[in-house]
Amino acid sequence: MSPSADELARAFARGEAWAYEAAYRIHGDALYAAAMSVLRDAPDAQDCVHDVMARLWQRRHTFTPERGSLRAFLAVCARNEALTRSRNAGTRERILTRVVAPAAPSPDHSDVVAERESIERALSALTERQRETIQMAYYQCLTHFEIAERTGEPVGTVKSRLSGALRRLREFFAAQESTHV
């Protein structure tokens, strides 16, 4: 016999293991659909759903039934994670393309050298923690959650630091482009 939606939500909020299994079994398709609508890639969407459920298991008290339905909560978590992954994938691709494979290097590679020096100057303008966070996110392709695990810091701190670092890098390159125009 399946639990009622209310029983499942209360057990999920209490962190009962059976409730996580039941929530995944009952709502997994909706979570997958939410992730798939953003990521458009089946393996990525599956990983996203798995990571969301694992994160919620580690942070058992993030859901409270008084704030809304369990299904809606889980779908929002899956969609938010998918959006984060999508943004990170796009940013990683732009940064890696710029760093690793410049569009049309000159035969003497002086453009490549100048580009890399520019990137090194931009990274050196960051704080050490910002630089480390950028390297973990964009060179090691770690998620915010994985960075938080490695550094022992809250995910919010990681996101904030990464956001600040990206803002400083944008400002650096914008200033550099305006002096070369």
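## Fold and basis of the model

Helices (H or I, at least four residues) and strands (E, at least two) are DSSP runs, numbered from the N terminus. Read in that way along the sequence, the chain follows the pattern α-α-α-α-α-α-α-α, with 8 helices and 0 strands. Of its 181 residues, 38% count as buried, where buried means under 20% relative accessible area, exposed over 50% and partly exposed in between (1.4 Å probe, protein chains only). Among contacts (heavy atoms within 4.5 Å) between residues at least 6 apart in sequence, 62% join residues at least 24 apart.

This is a predicted model, in which local features need pLDDT of at least 70 and side-chain atom pairs count only at pLDDT 80 or more, while totals for chains, interfaces and linings use all residues. Residues are numbered from 1 along each chain as its sequence is written, and side-chain values use heavy atoms, with hydrogens and water left out.

## Confidence

The pLDDT, the predictor's confidence in each residue from 0 to 100, averages 82 over the chain, and 86% of the residues score at least 70. Where pLDDT is low, the predicted coordinates should not be read in detail.

Two packed helices are described by the angle between their axes and the distance between the axes. Axes here are lines fitted to C-alpha atoms, for helices over the stretch in contact, and angles run from 0 to 180 degrees between N-to-C directions; angles under 35 degrees count as roughly parallel, over 145 as roughly antiparallel, 65 to 115 as roughly perpendicular and the rest as oblique. The axes of helix H6 (residues 128-139) and helix H7 (residues 144-151) come within 10 Å and cross at roughly 135°, so H6 and H7 are oblique to each other. In this pair, Thr 133, Met 136 and Ala 137 of H6 meet Ile 147, Arg 150 and Thr 151 of H7.

The axes of H6 and H8 come within 9 Å and cross at roughly 95°, and these two helices are therefore roughly perpendicular to each other. Their contact includes Arg 129, Thr 133, Ile 134 and Tyr 138 on the H6 side, and Val 158, Leu 162, Ala 165 and Leu 169 among the residues on the H8 side.

## Individual residues

His 144 lies in helix H7 and, at 12% relative accessibility, counts as buried. Not counting residues up to four places away in sequence, His 144 touches Thr 84, Asn 88, Val 155, Val 158, Lys 159 and Leu 162.

Arg 40 lies in the loop between helix H2 (17-39) and helix H3 (42-58), and has a positive phi of about 60° although it is not a glycine. Most residues other than glycine have a negative phi. Arg 170 is placed in helix H8 (residues 155-179); Arg 170 and Ala 122 are 48 residues apart in sequence and 9.2 Å apart in space, C-alpha to C-alpha.
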